[in-house]
Amino acid sequence: MFIPSMLLKQLYTRGSLINTDNGISFSIKNRLKDAELKEILHIKINGNEVNLETVTLTTSDQSDIKAKDINKENRLAFPLRKTIQINITDFDELPIERHELEISVKASPFGTLKLSVNDTVADPNKVEKRMPRDEMDDFGEKIIKERQAYVSEFTKKPINHIGKYSIDPHELAGNIEHFTGVAQIPMGFAGPIKVNGEHAIGEFMIPMATTEGTLVASYNRGMKVANMCGGIKVSVVDDAMQRAPVFEFLDARGARDFVKWIQLNFDKIKEEAETTSSVANLVYIDHFLSNKFAFLRFNFKTGDAAGQNMVGRATFAACSWILDQYPGIKNFFLESNFATDKKASQINIMRTRGKRVTAEITLKKEVLQQYMRVEPEQLDHHSRIAAIGSFLSGVNNTGLHSPNGITAMFIATGQDVANVSESSAGIIYTELTKDGDLYISITIPSLIIATYGGGTGIGTQKESLELLDCYGKGKAYKFAEIVAAVVLAGEISLASAISSSDWVSSHEQYGRNR
């Protein structure tokens, strides 16, 4: 199996080269896929081959495995995200400078791998104070208590609530570094809300984690009105996740010709990208030329994962192949800031990032009059005025407060909360019907959610998704529909409160904590 050289280098853990009491050590981490080591072929330091009799390997569940003992019959498991520390004894102390390392192994399913990297031995006299870590088991009780003690000693304050939790810290590997405890956020439920989706059909209780008074009550009020009008219709209309590398050339013609080559070789690029994941599906590559740069926007479908890491890994693999195949590339960066990861942007509103979802409902005039004390004409009029305000201020949302509901649900269900920056974009439309009712809809063009992977499998977050029947594979569209329905319910509630002048009084009743 061919693996581009740049991808191979990712196996080495930068900064891990150190002098020990009787030699040196460094670490490699599997960032490709589950594997087994069948043989250590050679290790070279600064071009000099190391005697493998002096080499042992250490993992979190095994220690002091002799390199010579690894063979076809005695393989060493090397699963994804596993770290192996390589220890070399009887080796002269390395000076504090840059050194060349080369490691060659036989591994299944890859075959023979050889990676060459440079690393620098750190000066022990210049090592700053830092959080305690354990390379082999950084989520064990012992190291967690060491970190708690370190923070408490550093701040001269006790750690009480932070250190109390019910989850197994070992389940957090890949979710957080320097795990020291948890933040407890109040959670309430709004609903039920009736959703008329293609994937979410029925009534759902909505978990909302927040410290903002009136938020749960406001959404609950909007859900009540929506239910009385038959529920909220929701449709997922597009799905995409991006990574946007940039390639630099000597001149504009070089960039132009490169883009033509990319288009001709799309099938092979797609093949290389998708070797990194059984889920990632490269659909198309946008290109944008400026000066002597070729900006590429790789567009993937990522199943039930939010997918930023997935598409980053896949795009890196594809670009590694491109760099090995195409001459004349002067420079390359995996991300050009054109995917606008965790930043609001016009391109994501136009082209979709995550799930593009529309929620809509026709609100009955008598329901608005009786339960919200507003006329449909008031809401429609305010919506058109608010659109002008949105335009003048330059925001990415013509609605009122979609980030409120999205953030509360994101925290409750283990989403990457920073994605609210993109997911907050909302396009509201209202229309008076011939019967005097109010049609209202909102399109969320870049709703980035997951029902599998990331933080969705942790304790309360997993439980919240399970309460919605949205945990696991095959549930992402269902969850997206529920989130969009909740957002529209919140818009109905706040718009009514503003138009009926109930907004301030509601906050005074529910939101005062002073």
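At what angle do the axes of helix α10 and helix α13 cross? The close-ups below, taken from a predicted model, start there.

**View 1. Helix α10 crossing helix α13.** The two axes cross at roughly 140° and come within 8 Å, with α10 spanning residues 402-413 and α13 residues 476-499. Because angles over 145 degrees would count as roughly antiparallel, α10 is oblique to α13. The crossing of α10 past α13 is right-handed.

**View 2. Residues where α10 meets α13.** From α10, the contact draws on Ser402, Ile406, Met409 and Thr413. Facing them from α13 are Phe479, Ile482, Val483, Val486, Val487 and Glu491. Sorted by class, this contact of α10 with α13 holds seven nonpolar residues, two polar and one charged.

**View 3. Phe249 with Phe258.** The model has 16 aromatic pairs. In one of them, the ring centres of Phe249 and Phe258 are 5.0 Å apart and the planes meet at 45°, so this pair is tilted. Both Phe249 and Phe258 are buried.

**View 4. Phe249 with Tyr326.** Here the arrangement is edge-to-face, with 6.3 Å from centre to centre and 90° between the planes. This pair links distant parts of the chain, 77 residues apart. Phe249 sits in the loop between β14 (246-248) and α4 (252-264), while Tyr326 belongs to the loop between α6 (308-325) and β17 (331-333). Phe249 and Tyr326 are both buried.

**View 5. The aromatic cluster around these pairs.** Which residues do ring pairs link into a cluster? Take a look at Phe247, Phe249, Phe258, Trp261, Trp321, Tyr326 and Phe332.

Key: Residues are numbered from 1 along each chain as its sequence is written. This is a predicted model: local features need pLDDT of at least 70, side-chain atom pairs count only at pLDDT 80 or more; totals for chains, interfaces and linings use all residues. Side-chain values use heavy atoms; hydrogens and water are left out. Axes are lines fitted to C-alpha atoms, for helices over the stretch in contact, and angles run from 0 to 180 degrees between N-to-C directions. Helices (H or I, at least four residues) and strands (E, at least two) are DSSP runs, numbered from the N terminus. Angles under 35 degrees count as roughly parallel, over 145 as roughly antiparallel, 65 to 115 as roughly perpendicular and the rest as oblique. A crossing is left-handed if the near helix is turned anticlockwise from the far one by less than a right angle, and right-handed if clockwise. Contact means heavy atoms within 4.5 Å. Ala, Val, Leu, Ile, Met, Phe, Trp, Tyr, Cys and Pro count as nonpolar, Asp, Glu, Lys and Arg as charged, and the others, Gly among them, as polar. Rings of Phe, Tyr and Trp (its six-membered ring) pair if their centres lie within 6.5 Å; planes under 30 degrees apart count as stacked, over 60 as edge-to-face and the rest as tilted. Buried means under 20% relative accessible area, exposed over 50%, partly exposed in between (1.4 Å probe, protein chains only).
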